[in-house]
Amino acid sequence: KYSSGDKAPPKLTTLGSNEWRTAKRKVKSKIKEAARDLIKLYAQRKAADGFAFNQDTVWQKELETSFLYEPTPDQAKVTEDVKVDMEQQHPMDRLVCGDVGFGKTEVAVRAAFKAVSDGKQVGLLVPTTILAEQHFNTFKDRLSQFPVKVAVLSRFATKARQKVIVEELAEGKVDIVIGTHRLLSKDIVFNDLGLLIIDEEHR
């Protein structure tokens, strides 16, 4: 009837009892604390200085027109919103939601290319090794006509290959790196990170 994270039957409380009122009071207090922390965090983000990317280059327009499919109105709007955010002086903090097949990856490709065009590096964090490989193939295919180096860091890469990618990332020789939680390792140092994309589709 009930689920519990610690595999023990959850304790039930009678509505209207002192125990119930105490539990409610504690939850309200925790929610207020979380809200205060979020407000503080977003105030700090809003006040922080970011990097204002330049407006679209000719190459950016070429990349976007090379897309095989007609973008949906929503996809076009989200792409434009993301690019406008990137051109502001404060750091972008945007959540893109859409069903499978909506074209979120294409939005990410365009944003990543905009960042790379301004000399910045891009990190794309994904939850699974398979997804890392899929994104790597998509990004390589979409950006094949441009001087952009894309690399993937996952358990599919040998230790020797990973070492080379990590070194090239620190030297600024890799423009876009796609990877699993391996990207969060202590040895990962970006030369000039300008955009971080987190793909949470499978979580």
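What follows is a walk through the overall build of this predicted model and its aromatic rings.

A word on the ground rules: residues are numbered from 1 along each chain as its sequence is written, and side-chain values use heavy atoms, with hydrogens and water left out. Since the model is predicted, local features need pLDDT of at least 70 and side-chain atom pairs count only at pLDDT 80 or more, while totals for chains, interfaces and linings use all residues.

Starting with the fold, the protein chain has six helices and four strands (DSSP runs numbered from the N terminus, with H or I of at least four residues for helices and E of at least two for strands). Going along the sequence, these elements come in the order α-α-α-α-β-α-β-α-β-β. The chain is more spread out than a compact globule, because its radius of gyration is 21 Å, well over the 17 Å that the globule rule gives for 203 residues. That radius is taken over C-alpha atoms, and the rule is 2.2 Å times the number of residues to the power 0.38. Along the principal axes, the C-alpha atoms fill a box of roughly 70 × 40 × 35 Å.

As for contacts (heavy atoms within 4.5 Å), 73% of those with a separation of 6 or more link residues 24 or more positions apart. Of the 203 residues, 32% are buried; here buried means under 20% relative accessible area, exposed means over 50%, and partly exposed is in between, with a 1.4 Å probe and protein chains only.

Now for the rings. A pair of aromatic rings is described by the distance of the centres and the angle of the planes. Rings of Phe, Tyr and Trp (its six-membered ring) pair if their centres lie within 6.5 Å, and planes under 30 degrees apart count as stacked, over 60 as edge-to-face and the rest as tilted. The structure holds four such pairs. One of them joins F51 and F53, which sit edge-to-face because their centres are 4.9 Å apart and their planes are at 80°. F51 is partly exposed at 38% relative accessibility, whereas F53 is buried at 7%. F67 and Y69 also form an edge-to-face pair, with centres 5.7 Å apart and planes at 75°. Here F67 is buried at 18%, while Y69 is exposed at 58%. Elsewhere, W59, F113 and F146 make up one aromatic cluster.

Charges turn up over rings too (NZ of Lys or CZ of Arg within 6 Å of the ring centre and within 35 degrees of the ring normal). K120 lies over the face of F51, 4.3 Å from the ring centre, and R45 lies over the face of Y42, at 5.3 Å.
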